[in-house]
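Okay, thanks for coming, everyone. Let me put the structure up and then walk you through a few side chains.

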Amino acid sequence: MATLSVWKFDDADGASGAEQVLLELQSKELIRVHDAAVVSWPSDAKKPKTRQLHNLTGVGALGGSFWGFLFGILFFVPLLGVAIGAAVGALSGSLADVGIDDSFIKRIREKVTPGTSALFLLSSDAVPDRVAEAFQGVRAELLETNLSRDDEDALRAAFAPE
């Protein structure tokens, strides 16, 4: 079973720092990282900067189309207007089938705001106490949605490159 986790940091650079922690945890086999992306939102910016962490991704990566779609729903659709929002709303309904529902999206929108950053992580096989220990002292809030194997496969299929 994979977990899609969102770690929210109280500053625009916190998520980038967490990338190094993940590399260390993965090298020690304390977590298996399938895919990850960072959102950094400087306090003076109208929208966040996003990037996929290619150096962490492997065979199970979801890919840029998934992250682009998810970040579009989270951060850009509210700015585009009702007509485009309704069309994307219909598409985002399919995400609910894989554990990314409206309440998850609403929580992320409320928490990831100007002046913050977030690490989006698809992982499995974590050793929870060791991961928590590695992030001890880091000011971050963890929001997560657990995905079953079927949900993960459906998510991959929905965003597989054509």
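K111 counts as partly exposed, at 30% relative accessibility (buried means under 20% relative accessible area, exposed over 50%, partly exposed in between, with a 1.4 Å probe and protein chains only). Before I go on: this is a predicted model, where local features need pLDDT of at least 70, side-chain atom pairs count only at pLDDT 80 or more, and totals for chains, interfaces and linings use all residues. Residues are numbered from 1 along each chain as its sequence is written, and side-chain values use heavy atoms, with hydrogens and water left out.

So what does K111 pair with? K111 makes a salt bridge with E141, with the closest N and O atoms 3.1 Å apart (that's a side-chain nitrogen of Lys or Arg within 4 Å of a carboxyl oxygen of Asp or Glu). E141 sits in strand β5 (residues 140–147) and K111 in helix α4, 30 residues apart, and the pair links distant parts of the chain. Helices (H or I, at least four residues) and strands (E, at least two) are DSSP runs, numbered from the N terminus.

Staying on α4, residues 102–111: F104, I105 and I108 are buried. They cover an arc of only 95° around the axis, which puts them on the same side of α4; the arc is that of the directions from the helix axis to the C-beta atoms. Turned away from that buried side is a face with the exposed D102, K106 and E110.

How many salt bridges does the structure hold? There are 5. Another one joins E19 and R51, at 3.2 Å, N to O.
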